[in-house]
Amino acid sequence: MKRICMTMAVLSLCLCASPVLADYDGPKIKFRLAHTTPPGNHITLAYQKFADLVKEKSGGKITVQVFPNAVLGSDRVLIEGAQKGSLDVGVSSTPNLAVFAREFSVFDLPYITSPKFQKNLYASIDKGGPLHAYFEEVSNKVGLQPIMYAEYGYRHFVTVKRPVTKASDLAGLKMRTTDSPVEVAVAKALRTNPAPIAWGEVYTALQQGTIDAEGNTFPHLFGAKHHEVLKYAITSAHNYGMQVAMANKAWWDKLPPSAQQIINEAARDAVVYQREVLYPENEKAAREGFIKAGITIHDATDEDIEEFRKMTRPVWDTVTLPAELIQLVQDTQK
């Protein structure tokens, strides 16, 4: 009962955070948004919530057609579509966005952020915050407009071959990564063999032995049914990610200001709902699903995390990211 009350309270907060703009008198607008997340995942539910709020706030005049589960392609394909204008809004994880703007790889730096200071990070990345302003400028330069920084979560290492109770246990494994240069460097620092593979191909790669391990959030792994082939996990929480909705900049600039306002407010309310309700519930359910599937989860101790930190810290010296950006992120961690 207590949990239900808390959920209802957050729902009330989300719905009352801004007025319903049912008196919107602008043109009817329909746009497409595509992402790669599977059904039931908190990211999928967050973007559906966003679509529902856009429709509600506009009195039904603005509608969002959502394409989940990579039906229109991988993260990279979706962002390329948004750049070209063949897709209005594409969603990508921050590591995959690094292909388009290297600055997004700052979040791949091992342990640059911590769950302990998550609220500070939210305040900076949300509209009005310094990180939001920074990444808006970066995105605009490559023809994109950030719309919504959906929660992705902290990644943990998982394997199919051997138990992992410390960082050195990963040595020699074939590790799936994204195309992020930082993520590849982290895999090498842990003495694994990095293999950049598109998300939609990872399940088969695990089955066939093309890779032995990967790093991702429990909800993302569970939603994609990777628990069917995985055997072991360690709560390394080695980096944080977001699933960013990027609009075609030219399309966005042509929207009436009132339509932009509705979309921005819907994005804000949907993210609050996701962070406070969807993500915690999905994280708990995914962990329980892992255990029921027979996956052995090692909860990393402070000593375990310190080993990961020491092994991966040299990666910081190999990247060429703006010092200003690194400082903006570090400013949130206190």
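Two strands are taken to pair where DSSP finds at least two bridges between them. On that basis, the predicted model contains an open sheet of five strands, ordered β2-β1-β3-β10-β4, in which the pairing is mixed. The edge positions are held by β2 (62-67) and β4 (144-154); each has a single partner strand, so one side of each is left without a neighbour in the sheet. From one strand to the next, the twist averages 20 degrees.

Within this sheet, strand β3 (residues 89-93) and strand β10 (residues 240-248) run antiparallel and are joined by five bridges. Serine 92 has valine 244 in β10 as its bridge partner. Two helices pack on the sheet. Helix α6 (residues 130-140) touches β4 and β10, and the direction of α6 makes about 125 degrees with that of β4. Helix α11 (residues 257-292) touches β1 (29-34), β2 and β4. The direction of α11 makes about 5 degrees with that of β4.

Helix α6 is also in contact with helix α5 (residues 118-125), and the axes of α5 and α6 come within 4 Å. The crossing angle is roughly 45 degrees. Angles under 35 degrees count as roughly parallel and those of 65 to 115 as roughly perpendicular, and α5 is therefore oblique to α6. On the α5 side, the contact is made by Leu121, Ser124 and Ile125; on the α6 side, Pro130, Leu131, His132 and Phe135 take part. By class, the contact of α5 with α6 has five nonpolar and two polar residues, with no charged residues.

The model also has an open sheet of six strands, with the order β7-β6-β8-β5-β9-β11 and mixed pairing. Here β7 (193-196) and β11 (296-298) stand at the edges, and because each has a single partner strand, one side of each is left without a neighbour in the sheet. The twist in this sheet averages 25 degrees from one strand to the next. Strand β6 (residues 174-177) pairs with strand β8 (residues 213-216) in the parallel sense, over two bridges. Methionine 175 stands opposite alanine 213 in β8.

Key
Residues are numbered from 1 along each chain as its sequence is written. This is a predicted model: local features need pLDDT of at least 70, side-chain atom pairs count only at pLDDT 80 or more; totals for chains, interfaces and linings use all residues. Side-chain values use heavy atoms; hydrogens and water are left out. Axes are lines fitted to C-alpha atoms, for helices over the stretch in contact, and angles run from 0 to 180 degrees between N-to-C directions. Contact means heavy atoms within 4.5 Å. Angles under 35 degrees count as roughly parallel, over 145 as roughly antiparallel, 65 to 115 as roughly perpendicular and the rest as oblique. Ala, Val, Leu, Ile, Met, Phe, Trp, Tyr, Cys and Pro count as nonpolar, Asp, Glu, Lys and Arg as charged, and the others, Gly among them, as polar.
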